[in-house]
Structures are given as structure tokens and as C-alpha cells.
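Morning, everyone. Please have a look at the structure on the screen, and I will walk you through a few parts of it.

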Amino acid sequence: MTNEGGSGQGNKGNDKKAQQYGVTPQSVDFNDWYNEVVKKADLADNSPVAGAMVVRPYGSALWENIQRWLDDRFKATGHESLIFPTLIPMGFIMKEADHVEGFAPELFTVSKIGTEELAEPYVMRPTSETIIGHMWSGWLNSYRDLPFLHYQWGSVFRAELRTKAFLRTSEFFWHEGHTAHADEQEARAEVRQQLDLYHEFCRDVLALPVVRGEKTASERFAGAVSTYSIEGMMRDGKALQSGTSHYLGQNFSRAFDVKFQTREQKEEFAHTTSWAISSRIIGAIIMTHGDDFGLMMPPRIAPIQVVIIPVGRKDNFDEMVQEGEKLAAELRAHGIRVKVDKRDGVTNGFKYNDWELKGVPVRVELGPRDLESGVVVVKNRSSNEKETLPRAEAVGGMSARLDAIHDYLLKRATDFLLERTVEADDYDTFKAQLEAGNWVRAYHCGAADCEKSIKEDTKATTRNVPMDDAEFFSQHGEGQCVKCGQPSTYGKRVIFGRQY
């Protein structure tokens with residue numbers, strides 16, 4: 001991988017500095033780097049519950065910012081939040097056969113209350129289509145009641161054999177959107193609206209380039225007619241499914257009797273959708289933007305956008321803290337999220353390293369001489385250069401500085417995605433490129449057994465078939481399947497990659 005944004009790779013001096021942080025360089029072991037950053041940047045910690053994590057205040061603040069942005073957008077498009085129970089009757093899960101097959105190995109069940117066996121076990125919700133469908137059946141009567149535009153925030157539970165904080169845990173956090181419509185056209189428009197919203201959020205807020213596309217039949221959500229995803233590339237070349245939007249057709253409506261009377265006085269089953277972004281998006285932020293020194297928070301979502309380090313001796317430290325608070329107030333008046341590091345008895349070097357590890361976009365240093373000269377020292381997390389600026393200029397230009405950091409991170413990640421995505425027309429090249437840690441765009445026949453064979457042979461899966469208006473890789477074309485040589489099915493190349 002390249003040495004961009006102070007990543008430290010290929011530079012002995014930076015490698016030594018990274019070791020002082022106690023973080024394994026990405027180039028040495030990306031998995032260890034990730035786990036160490038999550039813990040040492042105070043995002044999350046292990047819990048006494050197997051496979052579950054405790055999200056610490058810094059990680060929780062990040063998740064709250066994510067929730068706040070998305071929640072505002074959902075409400076702006078007419079969606080209403082609601083709250084459903086965590087426990088779902090087992091019989092509900094069993095009603096939708098594809099759903100059961102898709103989730104059966106992952107289910108947590110509750111079979112007792114105290115010592116008393118339940119007549120029917122409950123399932124800790126893996127997702128809520130079934131219980132929401134049950135309630136909708138009692139709420140829906142006429143076409144006049146539609147559309148139902150609902151969503152909820154909460155936890156879901158899926159047993160995971162190999163866990164990784166934010167990416168795969170037995171309990172994780174998300175919103176789940178559920179909508180019901182009078183016809184397929186309206187439902188599919190809803191699916192696309194949410195997919196585009198996720199794309200906008202990733203690009204314009206998180207600085208994450210993602211590929212919008214449709215999942216192949218083998219990769220669809222259990223019980224869906226069509227599944228669409230946004231796929232991001234991490235710094236180790238692996239794919240992360242960062243959000244999904246599903247057209248469920250009338251499958252769940254038929255299973256739970258969600259029907260209504262049409263304008264023509266006929267009875268019809270509703271067309272439903274579901275869509276979600278989960279806390280794994282935090283994993284995407286870490287692995288797309290992080291470097292050997294820790295996190296690199298996208299400014300627009302960062303819990304702390306600017307950290308102020310008062311630099312002083314014992315006899316004037318309190319005075320410099322007060323001056324730091326005054327500077328923070330000036331920045332807050334411009335809508336900037338700021339923290340003053342007031343810790344006493346800790347070296348400035350430790351503070352610098354600590355905030356670099358946490359990925360705060362901008363560090364401002366303020367000392368007695370700076371105060372006398374009316375200047376401050378400013379350093380972007382994304383670069384190794386310091387600037388000494390007039391105080392008023394630093395304050396007035398901070399929003400533009402944060403926007404420039406966002407643009408830099410987006411371009412850096414986009415360049416990486418494009419550099420590490422290649423085309424292959426023969427199977428040997430296909431396998432070699434996957435082994436090198438790249439995404440591969442190739443033609444495919446669409447047969448499930450061929451897709452399964454590729455997965456068994458290479459550990460790679462189809463990520464998605466890019467949409468016609470996707471930002472990346474949407475070109476049409478025809479060719480022979482890279483594995484079996486049969487004619488391609490999708491009219492364009494499919495993205496293959498190893499995944500988290």
C-alpha cells in the first residue's frame with residue numbers, strides 16, 4: 001500500500017514513531033492494527049458477554065452523530081420512527097420459509113422465564129420484518145392508509161463465530177427501515193431513494209467512496225426479491241458491505257396477511273421494503289481512513305473536530321487553559337465541535353500522540369508566546385505540516401479547513417479504490433488479482449453453482465452488479481464468464497472481492 005497522509009508505511013522513522021503509540025503498522029498486520037486502534041482510541045472494548053462489545057463515550061458520540069444525520073433525513077422524507085420489542089415469537093420467524101433458512105444458524109432463542117419453560121420460544125430479533133408485518137396486518141385496511149413509512153433504531157442479535165468490533169458482533173446497532181406500498185413501482189422507488197441517501201451520506205459526510213449496485217441472487221437478503229448495496233473498499237483491499245436496501249415484493253405481506261382494499265374495491269397484498277445502515281459503518285470509517293498512527297476522522301462526522309492543546313509551564317498552565325477556553329468559544333461560535341485538553345501532569349508529546357490516535361481532524365497549539373504574538377499553531381491530522389497563523393485567520397478559516405480535509409480524505413480513498421480495482425477475462429488472472437488483495441471486475445454467467453465454486457476456490461464473493469448510474473464501474477459490456485466460459489448474464493462486469 002502507498003504511503004499517503006502520513007501512513008508511515010515504508011518509512012523507518014514513521015514506523016518507529018508508530019511503535020511508540022503501541023499500534024501495529026497496517027503493513028505488518030492489518031487485523032492487529034484495527035483491533036488495537038479500536039481499543040486504544042477509546043471507541044469500544046470487550047465485554048463479559050461473548051461476542052458483544054461495549055461502546056465507549058468517544059465511539060458512542062460518533063454513532064450519535066451518524067444517527068442524528070440519518071434521522072433528520074428520514075424525517076425529511078416523511079418517515080416516522082417507532083419502537084418494537086426485542087423479542088419475536090418463534091412462530092413469526094417460521095412463517096416466512098426463506099427468512100428462516102437465511103437466519104436459522106444465527107438465532108438467539110429465549111425458552112424460559114425463570115425456571116418455567118415457555119410454550120413458544122422467543123427469538124432475539126435478527127431483523128424485524130416478521131413482527132412488523134404482523135402489526136401492519138392490523139393497522140392496514142385501505143389504500144388510503146398507504147404508504148407506511150416506518151423505521152426504528154435499536155439492537156439486533158446474530159450469533160457470530162468470529163467477532164470483530166463494529167464489523168461482526170453478536171449484538172450490533174442500526175436503524176431498520178420498513179415501508180409498505182400499494183404497488184411495486186412505488187416500493188422500488190423507495191428502495192432506490194434509500195440507497196441513494198446512503199450513497200450521499202457516505203460520500204458527502206463520511207468521505208467514503210462506495211459502489212451502488214444490485215446483489216446477485218445468491219447474495220440477496222433472505223426473503224427479498226431484489227437486494228441493493230453500497231460497497232466500500234478498505235485499506236487492505238477487502239470489501240465492506242456498508243448499507244443495504246431491499247425490495248421484498250409481497251413475500252412478507254402474504255406470510256403475515258398485510259393486505260388492503262384498492263380503489264377498485266379489490267383485495268391486494270402490500271409491496272414492502274426494508275433498508276439499513278448499521279454500526280459496521282464505523283468499521284468502514286476506521287479502515288478506509290486510518291493510518292499507522294490510528295484513526296483519521298472525517299471532519300463532518302467527527303465527535304471532536306478541533307482539539308486545543310494549551311502549552312505552558314506549571315506557573316502559567318491554568319492561564320493557558322483559560323485562554324484555550326476563550327479560543328474554543330470563538331470556534332464554537334462558528335459551529336465547530338471543540339475540546340480543550342486540560343490534563344495536567346501529562347506531556348505535550350503524549351497529548352499530541354493521543355489525539356492523533358483518536359483521529360481528531362485539527363490540532364491547535366496555544367502557548368504564551370503565541371498569545372503575545374496573536375497567533376496559533378495549527379496542524380491537520382491528515383498531514384505532517386504545522387502552520388503558524390494569525391488567530392483570527394485560524395478561527396475564521398476553520399470551516400474551510402475542515403471541508404478541505406474532507407475533500408482530501410475522499411480523494412485519497414477514491415484513488416485507492418480505483419487503483420485497486422482491476423479487470424480480468426481469464427481465471428488465472430482473476431485468481432491472481434484476488435490473491436493480491438484487489439477487487440476484480442469480471443463477466444459472470446449468473447449461475448449460483450458457478451458463483452459458489454468461485455467462492456470456494458478464491459474466498460471471494462460477488463459484491464454487486466453496479467447500477468447504470470453508479471458513480472463507479474457502471475459501463476455496459478458483454479463477454480464470457482470468467483470461470484465457466486458461458487455467456488455473461490448481467491450486461492456488465494460484476495465486482496468480486498474478499499469481504500469482511
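Let's start with a pair of residues. Threonine 109 stands opposite valine 123 in S6. A word of caution before I go on: this is a predicted model.

Now, the strands around that pair. S5 and strand S6, residues 116-124, pair in the antiparallel sense. How many bridges do S5 and S6 pair over? Five. In general, strands of a sheet pair through backbone hydrogen bonds, and the pairing is either parallel or antiparallel.

Step back to the whole sheet. Three strands make up this open sheet, in the order S4-S6-S5, with antiparallel pairing. Which are the edge strands? They are strand S4, 87-89, and strand S5, 108-113. Each of these edge strands pairs on one side only. The neighbouring strands of this sheet are turned by 45 degrees against each other on average, ignoring direction.

Leucine 82 lies in the loop between strand S3, 80-81, and S4. Is leucine 82 buried or exposed? Its relative accessible area is 18%, so leucine 82 is buried, because the cut-off for buried is under 20%. Leaving out residues up to four places away in sequence, leucine 82 touches Trp139, His150, Tyr151 and Gln152. Here is one for comparing sequence with space. Leucine 82 and threonine 179 are 97 residues apart in sequence. From C-alpha to C-alpha, leucine 82 and threonine 179 are 12 Å apart in space.

A second pair of strands. Strand S18, residues 375-380, and strand S19, residues 386-390, pair in the antiparallel sense over five bridges. A hairpin of five residues joins S18 to S19. Within this pair, valine 377 stands opposite threonine 388 in S19.

On to the helices. Find helix H9, residues 280-289. Why is H9 described as largely enclosed by the rest of the structure? Because ten of its ten residues are buried. Among them are Arg280, Ile281, Gly283, Met287 and His289. What do the buried residues of H9 pack against? The helices are H2 (30-40), H3 (57-76), H7 (184-204) and H14 (398-419). The strands are S10 (226-233) and S11 (239-249).

Two of those partners, H3 and H7, also meet each other. The axes of H3 and H7 come within 12 Å and cross at roughly 140 degrees. H3 passes H7 in a right-handed crossing. From H3, the contact uses Ile66, Trp69, Leu70, Arg73 and Phe74. From H7, it uses Gln194, Leu197, Glu200 and Phe201. By class, the contact of H3 with H7 has six nonpolar, one polar and two charged residues. On helices in general: an α-helix has 3.6 residues a turn, so residues three or four places apart point the same way.

Last stop, another helix pair. Helix H15, residues 427-435, and helix H16, residues 448-458, have axes 11 Å apart and pack at an angle of about 50 degrees. That angle makes H15 oblique to H16. The crossing of H15 and H16 is right-handed. H15 brings Tyr427, Phe430, Lys431 and Leu434 to the contact, and H16 brings Ile454, Asp457 and Thr458. How do the residues of the contact of H15 with H16 divide by class? Four are nonpolar, one is polar and two are charged.

That's the tour. Over to you for questions.

Notes
Residues numbered from 1 in each chain as written. Predicted model: local features only at pLDDT ≥ 70, side-chain atom pairs only at ≥ 80, totals over all residues. Heavy atoms only, no water. Pairing = 2+ DSSP bridges. Helix = DSSP H or I, 4+ residues; strand = E, 2+ residues; numbered from the N terminus. Axes fitted to C-alpha atoms, helices over the stretch in contact; angles between N-to-C directions. Parallel < 35°, antiparallel > 145°, perpendicular 65-115°, else oblique. Left-handed = near helix turned anticlockwise from the far one by under 90°. Contact = heavy atoms within 4.5 Å. Nonpolar A, V, L, I, M, F, W, Y, C, P; charged D, E, K, R; others polar. Buried < 20%, exposed > 50% of the residue type's maximum accessible area, 1.4 Å probe, protein only.
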